[in-house]
Amino acid sequence: MSETKPYIRPSWDEYFLEVMHALAKRATCDRGRTACIIVKDNQIVVSGYVGSPPGLPHCDEVGHLMKTVTNEDGTKSEHCMRTIHAEQNAICQAAKRGVSIDGATIYCKLAPCRTCAMLLIAAGIKRVVAEYRYHAGSEAEEMLKTAGIKLEFIHDEVDSYQSSK
């Protein structure tokens with residue numbers, strides 16, 4: 001006779017991260033396949049994933065639109081310019097639907113980039129739960145801290161995008 005262990009419900013953070021992973025399957029850029037969800041009072045109010053703006057071609061359909069970016073430290077990195085970030089997409093979805101995200105928590109695969117951090121600050125997000133650090137995230141992390149936004153990492157490692165095809 002096997003012993004059955006009692007079921008343990010996931011915490012709210014675990015639950016929302018699982019939902020975020022399912023949503024990431026909708027992303028249309030194979031380099032990142034990232035997503036985010038924005039939550040208020042333990043209810044999902046809006047979501048977003050990496051993809052091109054509506055009506056424009058997606059990376060998965062026509063390939064990447066790569067640009068070389070020179071970072072502050074002089075290193076160069078490649079970025080796909082065809083898509084908008086998950087956080088940007090979620091903020092746009094909230095605006096289109098008239099949903100306030102002021103005071104909300106955002107769950108995302110990667111910590112926000114500098115631009116997304118600025119948008120999250122302006123939108124009133126109060127907590128960011130990121131599964132991994134972003135490769136160029138130190139400036140964004142400092143901005144969030146200065147703005148009084150709580151930033152929590154599930155894993156302390158830096159996640160990186162796949163090379164483009």
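R33 and D60 form a salt bridge, with their closest N and O atoms 2.9 Å apart; the term stands for a side-chain nitrogen of Lys or Arg within 4 Å of a carboxyl oxygen of Asp or Glu. This pair ties together distant parts of the chain, 27 residues apart: R33 sits in the loop between α1 and β1, and D60 in helix α2 (residues 59-62). Helices (H or I, at least four residues) and strands (E, at least two) are DSSP runs, numbered from the N terminus.

Before going further, note that this is a predicted model, where local features need pLDDT of at least 70 and side-chain atom pairs count only at pLDDT 80 or more, while totals for chains, interfaces and linings use all residues. Residues are numbered from 1 along each chain as its sequence is written, and side-chain values use heavy atoms, with hydrogens and water left out.

**Salt bridges**

- A search of the whole structure turns up 7 salt bridges.
- Back to the opening pair: R33 is partly exposed at 32% relative accessibility, and D60 is partly exposed too, at 43%. Here buried means under 20% relative accessible area, exposed over 50%, and partly exposed in between (1.4 Å probe, protein chains only).
- E152 and R127 meet through their side chains in a salt bridge of 2.8 Å, N to O. They also link distant parts of the chain, with E152 in strand β7 (residues 150-153) and R127 in strand β6, 25 residues apart.
- In that pair, E152 is partly exposed at 22% relative accessible area, whereas R127 counts as buried at 18%.
- E152 and R127 belong to a salt-bridge network that also takes in D13 and K150.
- R133 and D156 make another salt bridge, 2.7 Å from N to O. R133 is in strand β6 and D156 in the loop between β7 and β8 (158-159), so to speak a link between distant parts of the chain, 23 residues apart.
- R133 is partly exposed, with a relative accessible area of 22%, but D156 counts as exposed at 54%.

**Helix α3**

- α3 has 12 residues and spans 17 Å from its first C-alpha to its last, close to the 16 Å expected at 1.5 Å a residue. The expected span is 1.5 Å times one less than the number of residues in the helix.
- Which residues of α3 are buried? They are A86, E87, Q88, N89, A90, I91, Q93 and A94.
- Their cover includes β1 (35-40), β2 (43-49), β5 (105-110) and α4 (114-123).
- Just after α3, G98 adopts a positive phi of about 65°.

**Nonpolar cores**

- The largest nonpolar core holds 29 residues, and I38, I101, I106, I125 and V128 touch the most other members. A core of this kind is a set of buried Ala, Val, Leu, Ile, Met, Phe, Trp, Tyr and Cys residues joined through side-chain atoms within 4.5 Å.
- Two or more residues of this core come from each of β1, α3, β5, α4, β6 (127-134) and α5 (138-146). α3 gives the most, with 4 residues.
- Apart from this core lies another, of 10 residues, among them F16, L23, Y107 and V129.
- Leaving aside neighbours within four places in sequence, I125 is in contact with I38, I101, A104, I106, L120 and I149. Contact means heavy atoms within 4.5 Å.

**Two buried threonines**

- T34 is in the loop between α1 and β1 and counts as buried at 7% relative accessibility.
- Neighbours within four places in sequence aside, T34 is in contact with A24, A27, Y49, V50, A86, K109 and L110.
- The C-alpha atoms of T34 and H155 are separated by 16 Å, and the two residues are 121 apart along the chain.
- T83 lies in the loop between β4 (76-80) and α3 (86-97), and is buried with a relative accessible area of 14%.
- Not counting residues up to four places away in sequence, T83 touches C29, V50, G51, S52 and C59.

**Surface patch**

- W12, Y15 and I44 form a nonpolar patch on the surface, with about 290 Å² of accessible area together.
- Y15 lies in helix α1 (residues 12-24) and is partly exposed, at 36% relative accessible area.

Technical notes: Patches are made of residues with over 30% relative accessible area and no salt bridge: like charges are joined within 9 Å, nonpolar side chains (Val, Leu, Ile, Met, Phe, Trp, Tyr) within 5 Å. Accessible areas come from the Shrake-Rupley method with a 1.4 Å probe; for residues, only the protein chains shown count as cover.
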